[in-house]
Amino acid sequence: MIEVVASMARGPVFLAGEVMECLITFTNPISHLSTSASSEMLAWASAQIHCQFHASESRVVLPAQGTKQDVQAESDTVLIPSRGEGGQCMLDTPPKILFCDLRLDPGESRTYSYSEVVPNDGPPSFRGQSVKYVYKLTIGCQRVSSPIKLLRVPFRVLVLHGMPEPPFPQDEEVAPSNPFLEEEEGGRRDDRPLERALDMLTITSRRCPHLFNITNMRGKVAKFCIFKTVYRLGEDIIGTFDFSEGDIPCIQYSVSLQSEEEIQQGYQRRPGQSISVTGHGRHLESCLHTASTHFSLPVPLNVTPGFSTDIVTLRWRLHFEFVTSREPMESHNVLQNQPEVTVWTGAEHVDVDTFSWDLPIKVLPTNPALTSYVSQFTGTNSINI
């Protein structure tokens, strides 16, 4: 028996365009129960990345190539990374051979490093109501005259649109332009896709207040201010309400962070089918006789930023709901020297109107190291062959 362990040292979350590195260890363990041990032999091992697409048949018409079958899929001696999985393989990288003819003595282990650029042209990891995009690193191993065994390590991919292509091949050393710079520093200066991507995300730190007048058919309810409309995963969405200038009393309001999953028209099962809406947090507050207030909604680290493919589009919005009174609501003033005790009770019946409003926002990725802490994946998996 040979134990195979794959571990992504930096974590299970990556930005599209950066290099994923994984250490794969092959061990011939010595069991304390066995009286004798012998060498083990592996013919070869290889690794590659692939993205699997899943769709709800009740809402999505699968692409034509989704029904295509590989003529070699039934062969146990052909490496197909998506063998045994449902859905459709959307993309895969060329397989890289880790070794050929590996012999391990009892207690011996060998570790191999696999590195590959996460494809820029693929979708992000996404688990929606209608479609799913799932990324996996698949390691294939085979003993002589035996079927191939597959070890899969799922991981998450974040896509930042506008990410520049690496200026040089990943395995080519970049010569420093300044001869006084150290060779190591100069060689890495222009080949840091993660740093370039994080620099692009600084746009979310810019603040420019946006003011909105909240009105219904009867008049003005409040003035709303939000400091920006572009956020990274993990940031707080903060907004303020000013009810002092309103003509209509507002009794209650709520703000929800929602994502909209829309299937492109050509792939809809039914023409004009509804958009799937998912809530990711809600703030509810009673605000009668309140002059001003605010809310704070965090953008979860485990959600998918907005994106669009040929099949699905994911957008983000803030959904507001207001409950207003049809009649003026008088406030009670406490007299400074009032001798008797006064008991106030809420009105037994209030005629109200309700209305809603949606404010589109943008949600972008963040540093993948932060999202690794809340990822459902561990970046490590093992198998015995």
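Reader: Which residue has its side chain meeting that of Glu235 in a salt bridge?

Author: This is a predicted model, in which local features need pLDDT of at least 70, side-chain atom pairs count only at pLDDT 80 or more, and totals for chains, interfaces and linings use all residues. Residues are numbered from 1 along each chain as its sequence is written, and side-chain values use heavy atoms, with hydrogens and water left out. A salt bridge here is a side-chain nitrogen of Lys or Arg within 4 Å of a carboxyl oxygen of Asp or Glu. With a distance of 2.9 Å from N to O, the partner of Glu235 is Lys228.

Reader: Is Lys228 buried or exposed?

Author: The classes rest on relative accessible area, with buried meaning under 20%, exposed over 50% and partly exposed in between, for a 1.4 Å probe and protein chains only. Glu235 has 17% relative accessibility and therefore counts as buried. Lys228 has a value of 9%, so Lys228 also counts as buried.

Reader: How many residues apart are Glu40 and Arg143?

Author: The side chains of Glu40 and Arg143 meet in a salt bridge at 2.7 Å, N to O. Glu40 is buried at 14% relative accessibility, whereas Arg143 is partly exposed at 22%. Helices (H or I, at least four residues) and strands (E, at least two) are DSSP runs numbered from the N terminus. Glu40 belongs to strand β4 (residues 40-55) and Arg143 to the loop between β9 (131-142) and β10 (148-158), so that the pair links distant parts of the chain, and their separation is 103 residues.

Reader: What is the distance between the closest N and O atoms in the salt bridge of Glu108 with Arg110?

Author: Glu108 is partly exposed, at 23% relative accessibility, and Arg110 is likewise partly exposed, at 37%. The closest N and O atoms of their salt bridge are apart by 3.5 Å.

Reader: With which side chain does His50 make a polar contact of 3.1 Å?

Author: His50 lies in strand β4 and is buried, with a relative accessible area of 0%. A polar contact is a pair of N or O atoms within 3.5 Å; within protein, one must be able to donate a hydrogen and the other to accept it, and residues adjacent in sequence count only if both atoms are side-chain atoms. The side chain of His50 has such a contact with the side chain of Gln52, at 3.4 Å. The contact of 3.1 Å is with the side chain of Thr138.

Reader: Which strands are the edge strands of the open sheet of four strands?

Author: Two strands pair if DSSP finds at least two bridges between them. The four strands follow the order β11-β12-β14-β17, with antiparallel pairing. The strands that pair on one side only, and so form the edges, are β11 (210-216) and β17 (292-298).

Reader: Which residue of β17 is the bridge partner of Phe241?

Author: Strands of a sheet pair through backbone hydrogen bonds, either parallel or antiparallel. Strand β14 (residues 236-242) pairs with β17 in the antiparallel sense over seven bridges. For Phe241, the bridge partner in β17 is Thr293.
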